[in-house]
Amino acid sequence: MANEKEILAKLRDCVVSFDVENVQKACEDALAAGIPAYKAIADGLSRGMEIIGRKYEAKDCFLADLIMAGETMKEGMKILKPSLKLADVSAIGRVVIGTVRGDLHDIGKDIVAMLLEAGGFEVIDLGIDVSTDEFARAVSSHNANILGMSALLTTTMPEMESVIKELEKAKLRNKVKVIVGGAPISSEYAIQIGADAAGKDAVDGVGICKRWIAR
Ligand code: B1M
């Protein structure tokens, strides 16, 4: 039987080699070996995405490769997601989440959404390419406690500030906490645009949301 390190390396390698055929089996093996689903995502599949990201940056692979790696990661996450869920918890708070307008990256946002659900939150996931208006309407109609926005492109980061301005305009800003995240987002940026916090990663983001609700 392979050890934890080998299993996590296998998950990473599945993403790097776009092994859609075997990624689900590798995820099942990880769960069977007692590796927590989040660890399989964070220290397995996500490591593969990092490698592909660096290769793309170095012009060692193409956009099509990014797409394939993303698809492979998502296939694996289908197996891991049910293990992140808690049974029969009544929601501790309601979070509206989405990737901002112009941005199609959803892998990180999906992980945050999954962990929020696992942590007992009701999550309304608006998906990708979400407009300022859609965010504001969803916050209002779902009476959300928290709004989470994700952006992976430096060109789409300013959308987050537009959403916050829209919330202010609609007199919703003081009713909802705002957390932002994504690879280019820092705490300094969050403060600059008027958000309440930035999540460094999914675990950090969920921790922040839980602390807000506990207050
Ligand atoms: Co794109 N892409 N991409 N891409 N892509 C990046 C982001 C890039 C850094 C790659 C590079 O050049 N090195 C670069 C951005 C450069 C920049 O802005 N400065 C880039 C580019 C340029 C592009 C295109 C413009 C390429 C093109 O068309 N020429 C294009 C844009 C499309 C668009 O959005 N309009 C594009 C397209 C794509 C794909 C569709 C092919 C694919 C996305 C597939 C998908 O998401 N379904 C893709 C991918 C896969 C990447 C990389 C390689 C990986 C992103 C990822 O999924 N990481 C990425 C390179 C990189 O990031 N190193 C890249 C894994 C994921 C788990 O991490 O998303 O960071 P991440 O999420 C983390 C944290 O950030 C945090 O928690 C997560 C888990 O710990 N987090 C939050 C995220 N959201 C949060 C929210 C929170 C809290 C924490 O609270 C609400």
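**Entry 1: the loop with H105.** I began at H105, which sits in the loop between β1 (94-99) and α5 (107-118). I kept in mind from the start that this is a predicted model. Which protein residue gives a donor to the cobalt atom of the ligand? I found a single donor from the protein, the NE2 atom of H105, 2.2 Å away from the cobalt.

**Entry 2: K109 and D125.** Next I looked at K109, a residue of helix α5. Is K109 buried or exposed? K109 counts as buried, because its relative accessibility is 3% and the cut-off for buried is under 20%.

Entry 3: I then turned to helix α3 (residues 37-57), which holds both D43 and K39. The two are four residues apart, about one turn of the helix. Their side chains form a salt bridge, with 3.2 Å from N to O. I reminded myself that side chains of opposite charge can pair when their charged atoms come close. D43 is partly exposed at 28% relative accessibility, and K39 is also partly exposed, with a relative accessible area of 28%.

**Entry 4: D204 and K200.** Here I found another salt bridge, between the side chains of D204 and K200, at 4.0 Å from N to O. D204 has a relative accessible area of 22% and is partly exposed. K200 reaches 73% relative accessibility, so I listed it as exposed, the cut-off for that being over 50%.

**Entry 5: a network and a total.**

**Entry 6: a nonpolar patch.** Last, I went looking on the surface and met a nonpolar patch formed by Y56, L63 and I67. Together these residues have about 300 Å² of accessible area. Where does L63 lie? I placed L63 in helix α4, which covers residues 63-84.

Key:
Residues numbered from 1 in each chain as written. Predicted model: local features only at pLDDT ≥ 70, side-chain atom pairs only at ≥ 80, totals over all residues. Heavy atoms only, no water. Patch = residues over 30% accessible without salt bridge, like charges linked within 9 Å, V, L, I, M, F, W, Y side chains within 5 Å. Areas by Shrake-Rupley, 256 points an atom, 1.4 Å probe, with all protein chains shown as cover. Donors = N, O, S within 2.8 Å, 3.2 Å for Na, K, Ca; no water. Buried < 20%, exposed > 50% of the residue type's maximum accessible area, 1.4 Å probe, protein only.
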